[in-house]
Amino acid sequence: MYSREKMMKKVLIAIIAVAVLATGVMFVVAQRSGDGKMGGWGKHGGSHRGMGMALRGLDLTDEQKAQVKQIVEAGKTKTQPIRESLKANRLKMDELTSNGAFDEAAVSAIAAKEGNLSAQMTVEHLRVKSQVFAVLTAEQKAKAAEMKSKMKDRFKDKIKDRESDGDAPAGSEL
């Protein structure tokens with residue numbers, strides 16, 4: 001029915017969609033702690049990932065915090081239908097494959113739809129990120145860029161340490 005190339009392309013799109021979705025989820029979760037305050041992660045506070053971490057240490061004014069909160073809330077509202085559709089797709093995918101049967105055409109159709117939804121989510125995520133960074137002063141933007149660079153360096157060092165210890169995660173050699 002489908003050529004091998006088309007199927008591989010659709011599988012790749014599905015994988016990318018899942019990665020983008022996970023990034024979006026981290027972004028949304030990082031915006032609120034368990035008590036509803038911005039920038040936390042769970043009930044213990046202290047953001048670990050996402051925009052909350054990127055904004056931490058930038059000494060935002062109360063006005064900037066209010067603007068960021070408004071931008072993030074508007075983004076959540078706009079992405080709610082996309083998140084609901086992604087959830088519905090995951091449930092359909094689980095339903096299609098739970099009994100051990102595999103309908104390639106149906107799975108491919110859902111994967112293609114999920115890829116499109118994930119692309120929409122990425123666009124909205126980056127729109128929110130752009131709007132938030134527009135709120136920052138030039139000094140805050142420079143500090144954020146410096147913090148991002150340091151975080152990337154730390155991540156690279158962690159990967160190198162894991163590789164030298166033989167504990168590298170699968171696929172990290174890419």
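# Salt bridges and a charged patch

Visitor: Does Asp165 count as buried or exposed?
Guide: Buried means under 20% relative accessible area, exposed over 50%, and partly exposed lies in between (1.4 Å probe, protein chains only). Because its relative accessibility is 56%, Asp165 counts as exposed.

Visitor: What kind of model is this?
Guide: Residues are numbered from 1 along each chain as its sequence is written, and side-chain values use heavy atoms, with hydrogens and water left out. Local features need pLDDT of at least 70, side-chain atom pairs count only at pLDDT 80 or more, and totals for chains, interfaces and linings use all residues, since this is a predicted model.

Visitor: In which helix is Asp165 found?
Guide: Helices are DSSP runs (H or I, at least four residues), numbered from the N terminus. The run that covers residues 138–165 holds Asp165, and this is helix 5.

Visitor: Which residues form a negative surface patch?
Guide: Patch members have over 30% relative accessible area and no salt bridge, and like charges are joined within 9 Å. Asp and Glu count as negative, Lys and Arg as positive, while His and the chain ends are not counted. The negative surface patch is formed by Asp153, Asp157, Asp161 and Asp165.

Visitor: How many salt bridges does the count come to?
Guide: Side chains of opposite charge can pair when their charged atoms come close. A salt bridge here is a side-chain nitrogen of Lys or Arg within 4 Å of a carboxyl oxygen of Asp or Glu. By this rule, the salt bridges number four.

Visitor: What is the N to O distance between Glu73 and Lys76?
Guide: Both residues lie in helix 3 (residues 62–97), three residues apart, about one turn of the helix. Glu73 is partly exposed at a relative accessible area of 30%, whereas Lys76 is buried at 17%. Their side chains meet in a salt bridge, N to O, at 3.8 Å.

Visitor: How far apart are the closest N and O atoms of Glu124 and Lys78?
Guide: Glu124 is buried at 11% relative accessibility, and Lys78 is partly exposed at 48%. These two residues form a salt bridge, with the closest N and O atoms apart by 3.7 Å.

Visitor: Which residue is linked with Lys78 and Glu124 in a network of salt bridges?
Guide: Arg127 and Glu124 both lie in helix 4, three residues apart, and form a salt bridge with closest N and O atoms 3.0 Å apart. At 37% relative accessibility, this arginine counts as partly exposed. The residue that joins Lys78 and Glu124 in the network is Arg127.

Notes
Patches are made of residues with over 30% relative accessible area and no salt bridge: like charges are joined within 9 Å, nonpolar side chains (Val, Leu, Ile, Met, Phe, Trp, Tyr) within 5 Å. Accessible areas come from the Shrake-Rupley method with a 1.4 Å probe; for residues, only the protein chains shown count as cover. The place of a charge is taken as NZ of Lys, CZ of Arg, CG of Asp or CD of Glu. Helices (H or I, at least four residues) and strands (E, at least two) are DSSP runs, numbered from the N terminus.
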